[in-house]
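Walk through this model with the viewer open.

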Amino acid sequence: MALNQDYLGKVYDGGPTYQVGREKIREFALAIGDANPAYHDVEHARSLGHRDVVAPPTFVFVASMRAAAAAMFDPGLGLDYSRVVHGEQRFAYTRPVTAGDELRVTTTIEAIRAAAGNDILTTRADITTEDGEPVATVWTVTVARGTAEESA
């Protein structure tokens with residue numbers, strides 16, 4: 001079943017804010033094998049002008065997952081998750097994320113298209129502070145293999 005084109009532009013609220021914790025940043029940095037002291041040592045991060053440890057660039061994906069899941073698992077969209085593979089991920093930052101940030105995420109279905117029998121879904125997660133200050137944008141491309149109904 002092809003993706004529902006009526007969902008193009010639909011916006012999903014990510015629900016409650018995501019509180020960025022110091023230990024979550026450290027755990028994430030360890031998981032990706034990045035020993036940058038700005039991710040682990042508060043004093044080092046402060047010497048660089050940050051108020052606390054800094055999150056690695058891909059960390060905001062964790063905060064954006066809840067809102068992205070609301071879009072991908074929306075039954076009306078018609079995404080067959082059993083056929084999904086990760087297509088692409090891009091990040092654009094307005095400012096670094098540090099421990100103590102409260103992040104709000106809004107996800108928008110930015111593109112729906114078919115190619116080579118696959119459905120390709122692009123979502124954009126706009127991440128702000130709870131006061132609305134822009135922090136980052138995450139684009140995610142999801143491919144559902146063999147589900148597209150292409151026109152001739």
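A116 sits in the loop between β4 and β5; strands here are DSSP runs of E with at least two residues, helices are runs of H or I with at least four, and both are numbered from the N terminus. The phi of A116 is near 50°, a positive value in a residue other than glycine. Most residues other than glycine have a negative phi. A116 counts as exposed because its relative accessibility is 73%. The cut-offs are these: buried is under 20% relative accessible area, exposed is over 50%, and partly exposed lies in between, with a 1.4 Å probe and protein chains only.

A word on the basis. The model is predicted, so local features need pLDDT of at least 70 and side-chain atom pairs count only at pLDDT 80 or more, while totals for chains, interfaces and linings use all residues. Residues are numbered from 1 along each chain as its sequence is written, and side-chain values use heavy atoms, with hydrogens and water left out.

Now step back to the fold. The protein has three helices and six strands. From the N terminus on, their order is β-β-α-α-α-β-β-β-β. The C-alpha trace spans about 60 × 30 × 20 Å along its principal axes. Of the 152 residues, 42% count as buried. Take the contacts (heavy atoms within 4.5 Å) with a separation of 6 or more: residues 24 or more positions apart account for 70% of them.

Next, the interior. In soluble globular proteins, nonpolar side chains tend to be buried together. A nonpolar core here is a set of buried Ala, Val, Leu, Ile, Met, Phe, Trp, Tyr and Cys residues joined through side-chain atoms within 4.5 Å. The largest one has 22 residues. V20, I25, F59, V97, L103 and I127 have the most contacts inside it. At least two residues of this core come from each of α1 (22-31), α3 (60-72), β4 (102-115), β5 (118-129) and β6 (134-144). Another core, of eleven residues, lies apart from it and includes Y7, M72, I109 and L121.

Is D101 buried or exposed? It counts as buried, because its relative accessibility is 3%. Its side chain makes a polar contact with the side chain of R95 at 3.2 Å. A polar contact is a pair of N or O atoms within 3.5 Å; within protein, one must be able to donate a hydrogen and the other to accept it, and residues adjacent in sequence count only if both atoms are side-chain atoms. The D101 side chain also reaches the backbone nitrogen of T98 at 2.9 Å.

Finish at the strands. R90 is in β3 (residues 84-93), and T137 is in β6. They are 47 residues apart along the chain, yet their C-alpha atoms are separated by 8.1 Å. R90 touches T137, V138 and W139, not counting residues up to four places away in sequence. R90 counts as partly exposed because its relative accessibility is 41%. T137 counts as buried because its value is 16%. The side chain of R90 makes a polar contact with that of E88 at 3.3 Å, whereas the side chains of T137 and D126 are joined by one of 3.5 Å.
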